[in-house]
Amino acid sequence: MSALLAVDGGQSGLRMALVEGGRAVRTAGAAGFSHGSGDDALAIATALSEARAALALDAPVARVCLGLTGAPADPELRGRLAAMVSSRLDGAAVALGPDMVTAHAGALAGAPGVVVAAGTGAVVLGLGADGRAHRADGLGHLLGDDGSGFAIGRDGLRAALRAREGRGPVTALLDAAEAFFGGLGGIAQRIYSSPAPVRDLAAFAPEVARVARAGDAVARAIWDEAARALVTTAASVLARTDASALSHAGRLFDERELLLEPFLAGLLELRPDVDYRPPRGDSLAGAVRLVEDGLGPYAPLMHTIERTT
């Protein structure tokens with residue numbers, strides 16, 4: 001008997017699920033991977049091997065669907081990665097693409113519409129009734145990821161440093177950053193020399209949320225700006241997509257008061273026709289759906305290779 005696997009992977013971690021009867025019956029995790037810090041393909045393949053070992057899977061893998069943060073856009077590079085994944089997983093058939101695809105498949109279950117994904121990074125994917133796909137952002141921390149966990153954590157640390165040096169308003173983020181980072185002495189060098197600076201800064205976002213919930217105006221303004229940024233990105237995709245359904249994905253939206261509610265309020269002010277739908281599942285659930293039922297309208301967005309054994 002062979003196995004079906006679904007994978008959701010990114011900078012904060014990788015999750016793998018054994019799929020039976022259209023649902024995840026067992027899951028395991030592994031460390032995330034940081035793009036640009038070395039051999040990305042090897043880091044992803046190593047994480048997959050670790051997750052498979054943790055899953056204690058005996059059966060050979062027949063098919064795997066992977067949604068990965070920062071999956072290579074170049075077809076040749078994506079093909080190499082898919083081949084390496086297949087070789088690590090018993091020559092399995094592979095469907096590999098960006099996690100915005102599996103996030104969309106999880107949130108809207110394959111229906112036309114727009115999904116806003118916000119976690120460490122941020123990206124919006126729209127799938128029209130005509131089958132055409134439209135996206136915005138997902139450009140990484142240097143060029144985009146507006147409204148992301150990285151952006152919130154970075155802005156929180158910036159505000160703390162400005163307060164520390166007397167060039168910004170007083171904020172409780174200073175004490176929070178001192179505690180979280182183990183002091184701020186040499187913090188710039190520590191961040192710049194870290195093998196995973198994006199992940200390090202995104203990890204501070206929950207602290208920015210805690211300080212905002214306690215009433216700190218500076219921290220609250222950071223979350224307000226994140227909501228506005230996501231509204232702008234979502235609206236740009238809605239304008240190009242012939243579907244009004246909208247959902248969301250990513251753990252950042254767990255902050256309902258700080259992010260989800262102001263995001264929806266701001267978007268509905270711009271687009272009263274939006275049909276908001278709570279997500280039916282997350283990115284891993286989307287990968288489960290695609291490996292079990294096939295890629296359907298997402299096929300043009302994924303790289304596939306056939307089983308080799």
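User: Happy to start with the rings: how many aromatic pairs does a search of the whole structure find?

Analyst: This is a predicted model, where local features need pLDDT of at least 70 and side-chain atom pairs count only at pLDDT 80 or more, while totals for chains, interfaces and linings use all residues. Residues are numbered from 1 along each chain as its sequence is written, and side-chain values use heavy atoms, with hydrogens and water left out. Rings of Phe, Tyr and Trp (its six-membered ring) pair if their centres lie within 6.5 Å; planes under 30 degrees apart are stacked, over 60 edge-to-face, and the rest tilted. For the whole structure, the number of aromatic pairs is 4.

User: What is the geometry of the pair of phenylalanine 181 and phenylalanine 204?

Analyst: The two ring centres of phenylalanine 181 and phenylalanine 204 are 5.2 Å apart. With 50 degrees between the planes, this pair is tilted.

User: Where in the chain do phenylalanine 181 and phenylalanine 204 sit, and how many residues apart?

Analyst: Helices (H or I, at least four residues) and strands (E, at least two) are DSSP runs, numbered from the N terminus. Phenylalanine 181 belongs to helix α5 (residues 173-181), and phenylalanine 204 to the loop between α7 (197-202) and α8 (205-213). The pair links distant parts of the chain, and the separation is 23 residues.

User: Are phenylalanine 181 and phenylalanine 204 buried or exposed?

Analyst: Buried means under 20% relative accessible area and exposed over 50%, with partly exposed in between (1.4 Å probe, protein chains only). On that scale, phenylalanine 181 and phenylalanine 204 are both buried.

User: Why does the pair of phenylalanine 253 and phenylalanine 263 count as tilted?

Analyst: The centres of these two rings are 5.5 Å apart. The pair is tilted because its planes are at 55 degrees.

User: Which parts does that pair tie together, and how many residues apart are they?

Analyst: Phenylalanine 253 lies in the loop between β9 and α10 (256-270), whereas phenylalanine 263 is in helix α10. Phenylalanine 253 is buried at 3% relative accessibility, and phenylalanine 263 is buried at 0%. The parts so joined are apart in sequence by 10 residues.

User: Turning to serine 247, which residue's backbone oxygen lies 2.7 Å from its side chain?

Analyst: Serine 247 is in strand β9 (residues 245-249), and its relative accessible area of 0% makes it buried. A polar contact is a pair of N or O atoms within 3.5 Å; within protein, one must be able to donate a hydrogen and the other to accept it, and sequence-adjacent residues count only if both atoms are side-chain atoms. A polar atom of the serine 247 side chain lies 2.7 Å from the backbone oxygen of arginine 277.
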